[in-house]
Amino acid sequence: MNPMEMLKDMLIVLGRIATIYPLLLGVTLFMGRRSVGELPVFDYIIILSLGSVIGADIADPSIHHLPTAFAIVAIGVLQKTVSYLLIKNRRFGKWITFEPIIVVKSGQFIHTNLKKARYSIDNILQMLREEQIFDISGVDMAVLEPNGTLSVMKKLEKTTVTLEDLKLKRQDSGLSYAIIKEGRMQTITLEKLNLSQQWLEKQLVQHGVPLDQVFFASLNDQMKLNITIYDKEIPIPPLYH
């Protein structure tokens, strides 16, 4: 490619950037706050599609510019139409997005729902820490939303009350430590806590729970075990969009 042709292509790219981004901004504003503030499944696909169309148009000067602009507008109209149908037709919404799913109830993991959502114990524990919750036993219910965020409701006795209001001294740090995950002892954690595997085995015997039936177990500062059993039936309230 000679210098003149290269310069011409570069000017074409600059021209496309100058025209395509204002158009993209206008279409995004047209699609509304919902497409910017959260990313359900369909909106995620929309964003990927817009990125692919714009990227190809900018990177390849041989692509015709007008069809790209039309594609951007068409994708924006499609997203707006689907958003309208989601509001008007609940059944349609269930077809194109995930339902909210309860992953923690009464301080215990819902093993089957975690498996269904393809989330690990560590994923949920991290999301709880982001909500300033370090002990799962204090969670009344945690819901994995369609956009991937975690909504958490604490147990009533764990809601925030200042120690000054109650005129009490702090008794514990509110931390708990995962010592069993999916039937396997977390030996490193036990060592850091100066506890032995034999001690934990005795605790499980006292609770009448074999190790291979424990999906998750945590230990708080008061040396209290919180155990989730694989097949334990936990009442789950219905939850829909």
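**Exercise 1. Find the buried residues of helix H10 (residues 197-207) and work out how they sit around its axis.**

Step 1. Pick out the buried residues of H10: they are Leu200, Gln203 and Leu204.

Step 2. Look down the axis. These residues cover an arc of only 100°, which puts them on the same side of H10. Keep in mind that this is a predicted model.

Step 3. Here's the background that helps. An α-helix has 3.6 residues a turn, so residues three or four places apart point the same way.

Step 4. What covers the buried residues of H10? The cover includes helix H9 (187-192), along with strands S5 (176-181), S6 (184-185), S7 (214-220) and S8 (225-229).

Step 5. Check what comes just after H10: Gly208 has a positive phi of about 70°.

**Exercise 2. Work out the strand order of the four-stranded open sheet and name its edge strands.**

Step 1. Read off the order, which is S2-S1-S3-S4, with antiparallel pairing.

Step 2. Go to the edges. Strand S2 (108-109) and strand S4 (150-154) each pair on one side only, so these are the edge strands by definition.

Step 3. Zoom in on one pair. Strand S3 (residues 139-144) runs antiparallel to S4, and five bridges join them. As one example, Val139 has Lys154 in S4 as its bridge partner.

Step 4. A quick reminder of what holds such pairs: strands of a sheet pair through backbone hydrogen bonds, either parallel or antiparallel.

**Exercise 3. Describe how helix H7 (residues 121-130) lies on the sheet, and find its buried residues.**

Step 1. Place the helix. H7 lies across strand S1 (101-105), S2, S3 and S4, and runs at about 65° to S4.

Step 2. List its buried residues: Ile121, Ile124, Leu125, Met127 and Leu128.

Step 3. Where do they point? Down the axis of H7, they fall within an arc of 160°, so they line one face of the helix.

**Exercise 4. Decide whether Asp57 is buried or exposed, and list what it touches.**

Step 1. Locate Asp57: you'll find it in helix H3 (residues 41-59).

Step 2. Apply the cut-off. Buried means under 20% relative accessible area. Asp57 has a value of 0%, so it counts as buried.

Step 3. Find its contacts. Leaving out residues up to four places away in sequence, Asp57 touches Arg16, Ile20, Ile63, His64, His65 and Thr68.

Key: Residues are numbered from 1 along each chain as its sequence is written. This is a predicted model: local features need pLDDT of at least 70, side-chain atom pairs count only at pLDDT 80 or more; totals for chains, interfaces and linings use all residues. Side-chain values use heavy atoms; hydrogens and water are left out. Helices (H or I, at least four residues) and strands (E, at least two) are DSSP runs, numbered from the N terminus. Buried means under 20% relative accessible area, exposed over 50%, partly exposed in between (1.4 Å probe, protein chains only). Contact means heavy atoms within 4.5 Å. The arc is that of the directions from the helix axis to the C-beta atoms. Two strands pair if DSSP finds at least two bridges between them. Axes are lines fitted to C-alpha atoms, for helices over the stretch in contact, and angles run from 0 to 180 degrees between N-to-C directions.
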